[in-house]
Amino acid sequence: MKKLAIALAVLLILVIGVVAFGAVLVLRGGISARVEPTRAETVIARGLRRLGIPDSERQPGNPVPSSKESIAAGRGHFADHCAICHANDGSGQTEMGRNLYPRSPDLRLPQTQELTDGELFYIIENGVRLTGMPGWGDGSEESKRASWHLVSFIRHLPQLTREEKLEMERLNPKSPEEWREMQEDEEFLKGKEEHEDRHR
């Protein structure tokens with residue numbers, strides 16, 4: 001009986017220690033998103049994300065064949081919806097992405113590229129709780145097709161060309177002031193080209 005009491009006391013001390021350690025990790029820095037996530041938090045979060053995706057959702061491969069057209073469709077959608085956090089090149093190096101907690105991941109790295117097509121699709125469609133990743137899916141076939149195009153584009157990110165990045169910049173959402181500046185630049189360049197053509 002005495003050994004049982006000692007074992008229970010040791011177990012209770014271990015549980016309290018683990019809970020206290022977890023609380024210190026979570027509460028360090030208060031509720032500030034500026035504190036960099038620890039390695040332990042990152043590992044635990046990835047593990048929980050993996051556990052949170054049902055096995056049946058991990059398995060499906062992309063039913064939309066990877067082609068120039070599907071990658072282009074994904075690229076346009078990504079530039080318009082995803083680049084604000086993930087950046088056009090998938091690096092996560094945007095004002096929004098750097099200030100989320102956890103930070104927007106670099107989608108070009110193995111931590112993302114090694115996910116199955118089904119896992120990527122599930123994350124796009126459903127989001128990830130307690131992160132900045134929203135669920136974009138609405139259950140419609142159109143939404144699913146757009147998400148599969150995004151999966152194709154995410155797979156393409158490590159090979160993204162300079163020309164593709166420039167095209168994406170034109171597709172990124174812009175403020176009215178940015179639109180005016182862009183139009184002025186285009187009009188200036190067009191006028192300069194016409195002027196040069198007339199003097200040839």
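This report describes a surface patch, a helix crossing and a set of salt bridges in a predicted model.

Residues are numbered from 1 along each chain as its sequence is written, and side-chain values use heavy atoms, with hydrogens and water left out. Because the model is predicted, local features need pLDDT of at least 70 and side-chain atom pairs count only at pLDDT 80 or more, while totals for chains, interfaces and linings use all residues.

**Surface patch**

Met-1, Leu-4, Leu-8, Leu-11, Val-15 and Val-19 make a nonpolar surface patch of about 660 Å². Patch residues have over 30% relative accessible area and no salt bridge, with nonpolar side chains (Val, Leu, Ile, Met, Phe, Trp, Tyr) joined within 5 Å and like charges within 9 Å; accessible areas come from the Shrake-Rupley method with a 1.4 Å probe, and for residues only the protein chains shown count as cover. Val-19 is found in helix 1 (residues 2-27), where helices are DSSP runs (H or I) of at least four residues, numbered from the N terminus. Val-19 counts as exposed because its relative accessibility is 57%, the classes being buried under 20%, exposed over 50% and partly exposed in between.

**Helix crossing**

The axes of helix 4 (residues 68-86) and helix 8 (residues 141-156) come within 7 Å and cross at roughly 95 degrees, the axes being lines fitted to C-alpha atoms over the stretch in contact and the angles running from 0 to 180 degrees between N-to-C directions. The two helices are therefore roughly perpendicular to each other, a class that covers 65 to 115 degrees.

**Salt bridges**

A salt bridge places a side-chain nitrogen of Lys or Arg within 4 Å of a carboxyl oxygen of Asp or Glu, and by this rule the count comes to ten. Three of them are listed here.

| Pair | N to O distance |
|---|---|
| Glu-119 and Arg-58 | 3.5 Å |
| Arg-75 and Glu-164 | 2.8 Å |
| Arg-75 and Glu-167 | 3.6 Å |

Arg-75, which is buried at 9% relative accessible area, lies in helix 4, and its partner Glu-167 lies in helix 9, so this pair ties together parts that are 92 residues apart in sequence. Glu-167 is partly exposed at 30%, whereas Glu-164 is buried at 12%. Elsewhere, Glu-119 is buried at 1% relative accessibility and Arg-58 is buried at 14%. Salt bridges that share partners join Arg-50, Asp-55, Arg-58 and Glu-119 into one network.

Conventions: Buried means under 20% relative accessible area, exposed over 50%, partly exposed in between (1.4 Å probe, protein chains only). Angles under 35 degrees count as roughly parallel, over 145 as roughly antiparallel, 65 to 115 as roughly perpendicular and the rest as oblique.
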